[in-house]
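Me: I'm new to this one and would like to learn how to read its sheets and helices. Can you walk me through it?

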Amino acid sequence: MNELVLHIMDIVYNSIAACATLVTIDIERYNNNFLRISVLDNGNGIDKTTLLEVKNPFHTSRTTRKVGLGLSLFELSCTQANGKFDVESEVGKFTKVSASMDTSHIDCLPMGDIGECIYLLSVASDNCEIVFNYKVSETVFTYDSREIKNLVGNDLKTNFEVIKYIKDYVNENISNMEV
Amino acid sequence: MKSLEELKKIKERTQRNVNMRDSVDGGHRVAVGMGTCGIASGARPVLNTFVEEVAKQNLDNVLVTQVGCMGNCTKEPMVEVIDSDGRKTIYGEIDEKKALEIVEKHLKNNEIIDMYKISSLD
């Protein structure tokens, strides 16, 4: 992966595959150069034994192949930038993936286009809604795909003006918060 | 500063009232592989190109969907196009430029691009 948003997308697709109906993505910047990312879903969850193995690249839930690289790649991206990576879960309740990193570290990946990522995830599944919080010190920007769907309905997928506006709306609000 | 208030106005001004259909009568379904392998090899800009072009050109009988790993990771980013008669075409190693070509040739003119095709099923 060459951008952090790609990792986020990858994790959210896991949530969708686990039948989640609500995914909350939090990005927080603090102390100038620290970044915390968490993805919380209300999907099937992971049992305790699997949880121990989940970051192992040779563990996967699929049957077609013996490797599963999503979480292990994300862990690598965090640890190489002085950060931490953790997965918590309770069967039938939630799964939470938390990542942190030092953005001033030379090996820290660039963030990438958050607006595009959030838009694409909003239309990834009809049954899964996305809440996105971007926090810099005390200010928070919140995006809720349910709110957007109430406003624009099917135009979310078919109206080019709307699609473009949503991406710019997210990106503009975020960049205004940068310190 | 952009706001949701303005988004509402844009929607009212440009509203298209398209009924999204699950079946694609006379149209196509495009499935972009968004597994870890797909994302890592550049599926996001490909997906974005399909979503934007289909909306921009008002191709109302094209449905763009996101799917998981398609099982041939070395050929990612992969795109599967399912025609209304059930014919499936799988394209491999697609980038934004090739995606545009698929929109123009396959989605608009039903013309399969053999150069990018890795397999097909009737």
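Reply: Happy to. In chain B, five strands make up an open sheet with mixed pairing, in the order 2-1-3-4-5. Its edge strands are strand 2 (62-67) and strand 5 (117-121) of chain B, each pairing on one side only. From one strand to the next, the twist averages 20°. Keep in mind that this is a predicted model.

Me: Which way do strand 3 and strand 4 of chain B run, and how many bridges join them?

Reply: Strand 3 (residues 79-83) and strand 4 (residues 88-91) of chain B run antiparallel, and four bridges join them. For a spot to look at, find Glu80(B): opposite it, in strand 4 of chain B, stands Ile90(B).

Me: What does helix 4 of chain B touch in the sheet?

Reply: Helix 4 (residues 96-109) of chain B packs on the sheet and touches strand 1 (28-33), strand 2, strand 3 and strand 4 of chain B. The direction of helix 4 makes about 20° with that of strand 3 of chain B.

Me: How do I place these pieces along chain B, and in what order do the elements run?

Reply: Start at the N terminus and read α-β-α-α-β-β-β-α-β. That's four helices and five strands in chain B. As for extent, the C-alpha trace of chain B spans about 45 × 30 × 25 Å along its principal axes.

Me: How much of chain B is buried?

Reply: Of its 122 residues, 45% count as buried, taken as under 20% relative accessible area. Chain B exposes about 6100 Å², with carbon and sulfur atoms supplying 43% of that.

Me: Now chain A. What is the strand order in its sheet?

Reply: It's 3-4-2-1-5-6, an open sheet of six strands with mixed pairing. Strand 3 (85-90) and strand 6 (139-144) of chain A each have a single partner strand, so one side of each has no neighbour in the sheet. On average, neighbouring strands here are turned by 10° against each other, direction ignored.

Me: In which sense do strand 1 and strand 5 of chain A pair?

Reply: In the parallel sense: eight bridges link strand 1 (residues 22-30) with strand 5 (residues 129-136) of chain A. To see one, go to Arg29(A), whose bridge partner in strand 5 of chain A is Val136(A).

Me: And which strands does helix 7 of chain A touch?

Reply: Helix 7 (residues 160-175) of chain A packs on the sheet against strand 5 and strand 6 of chain A. The direction of helix 7 makes about 170° with that of strand 6 of chain A.

Note on methods
Residues numbered from 1 in each chain as written. Chains lettered and ligands numbered in written order. Predicted model: local features only at pLDDT ≥ 70, side-chain atom pairs only at ≥ 80, totals over all residues. Heavy atoms only, no water. Helix = DSSP H or I, 4+ residues; strand = E, 2+ residues; numbered from the N terminus. Buried < 20%, exposed > 50% of the residue type's maximum accessible area, 1.4 Å probe, protein only. Areas by Shrake-Rupley, 256 points an atom, 1.4 Å probe, with all protein chains shown as cover. Pairing = 2+ DSSP bridges. Axes fitted to C-alpha atoms, helices over the stretch in contact; angles between N-to-C directions. Contact = heavy atoms within 4.5 Å.
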